[in-house]
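Hi,

Here is the structure I promised to pass on.

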Amino acid sequence: MDAEAVKYLSAALVMGIGAIGSAFGEGFIGGKAMEAMGRNPKYMDKIFTNMIVAQAIDESTAIYSLVVALIILFV
Amino acid sequence: MSNIPEITLAPSIIGQIGPITVTNAMLSYFAVCLLLIIVGLIVRAKLSVKPGRFQMFFELLFSMILDKMVVVFGDEKRARQSFPIVFTIFILLIFGNYFTLLPLVESFILDDGTKILTTPTAHYSLTIALAFLMIGTSHVLAIAISPIRHIGNFIKIGPVFKAIKNLSPKDFAMSMIDVFLGLLDIIGEIAKLISISTRLFGNMFAGGVIIAIVSGLSVYTQFVVPLPFAVLGLLTGFVQAFVFAMLGMLYISSLVGGVTPAKQQTETN
């Protein structure tokens, strides 16, 4: 296994494994937000806005693994 | 045939002014700041009680941030004290994330093809600088109110001496655990820095890279296919600006709130 092959393989693994947890978390947040919206249709806008913000923060760990993969590939 | 453009993490160097290396990220950032100043002066010159559309757009952003700040800080007076820096960072990031949507911005290129103006927030140097600014502001504000209490929030040796004076082993164990957790908070500050800067950088850089790769796949994918990815980039640009400003505001409010005496906090609630 030469260095180039290991570089590409590791970048792919980093991004792939890092995205799993974030996908679970964002789906969970979305599901709970849907539940709350169904129970309380009057506050739909507020709940939706807060859901978007919470999902953006939840995406952070996937972004960290993306940055690590980019650093492995391009630096 | 696919020609995917060359992607580098570091911004391209354009020139040197004395000891300072001028990169295209720096030039774009100055252009964004200039644009902000011009827009601010235009809006201010035409302020009226019945707002026009341009002023209403900024009032929308204004109320979006101020309402959330009043909820977190407790009362409007303290929210307005920290409001300028949070709102400035918010508008700066909105203009910065959408900078390359202006027509002809990306068309200025040097002889060897490097672009002079790019998305400034897609470079790590800018996001780390902004993160330093926000977190540094929160620490400086907390130290300005009371330095000893602020350092005491991180290195909690006060309760240790109290436990030794009272000679109770249970209190002593709890206070040792508190000392350890306080030291972990110092590492938490560094983690905050890295997290908010990397979140913004990752979102913006990845947006640009996706569009570059999709457009470079073949000549048939250059026209309509990048559209969904471009719209996704628009959405994440606004959301990331909002999240950055909100997190900065939360850091300021939590550090300043940990330093103000409890009596002042409860009477404003």
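Predicted model: local features only at pLDDT ≥ 70, side-chain atom pairs only at ≥ 80, totals over all residues.

In strand β2 of chain B, Ile20(B) is the bridge partner of Ile17(B), and Val22(B) is the bridge partner of Gly15(B). Residues are numbered from 1 along each chain as its sequence is written, while chains are lettered from A and ligands numbered from 1 in the order in which they are written.

Back to the hairpin. β1(B) (residues 13-17) and β2(B) (residues 20-23) run antiparallel and are joined by four bridges; strands count as paired if DSSP finds at least two bridges between them. Two residues sit between the strands, and Gly18(B) takes a positive phi near 65 degrees in this hairpin. Is β1(B) mostly buried or in the open? Of its five residues, the number buried is zero, so β1(B) lies largely in the open. For burial, I count other C-beta atoms within 10 Å of a residue's own, with C-beta atoms placed from the backbone: 20 or more is buried, 12 or fewer is exposed, and in between is partly exposed.

Next comes α1(B). Its 22 residues should span 32 Å at 1.5 Å a residue, and the end C-alpha atoms are 32 Å apart, which agrees; the expected span is 1.5 Å times one less than the number of residues. Asn24(B), Ala25(B), Ser28(B), Tyr29(B) and Val32(B) are the buried residues of α1(B). Seen down the helix axis, they fall within an arc of 135 degrees, so they line one face of α1(B); the arc is that of the directions from the axis to the C-beta atoms. Their cover includes β1, β2, α3 and α4 of chain B. On the face turned away from the buried side, α1(B) carries exposed residues, among them Leu34(B), Ile37(B), Ile38(B) and Leu41(B).

The largest nonpolar core has 43 residues, of which Val86(B), Ile89(B), Phe90(B), Phe244(B) and Ala245(B) touch the most other members. Such a core is a set of buried Ala, Val, Leu, Ile, Met, Phe, Trp, Tyr and Cys residues joined through C-beta atoms within 7 Å. α8(B) gives the largest share of this core, eleven residues. Leaving aside neighbours within four places in sequence, Phe244(B) is in contact with Ile89(B), Leu93(B), Ile196(B) and Leu200(B); contact means C-beta atoms, placed from the backbone, within 7 Å.

On to the two chains: 15 residues from chain B and 13 residues from chain A take part in the contact. On the side of chain B that touches chain A, α7(B) supplies the largest share, seven residues.

Finally, two loop residues to look at. Leu104(B), in the loop between α3 and α4 of chain B, has a positive phi of about 70 degrees although it is not a glycine. Leu104(B) is exposed, with 7 other C-beta atoms within 10 Å. Leu167(B), in the loop between α6 and α7 of chain B, is not a glycine either and has a positive phi of about 60 degrees. Leu167(B) is exposed, with 8 other C-beta atoms within 10 Å.

Best wishes
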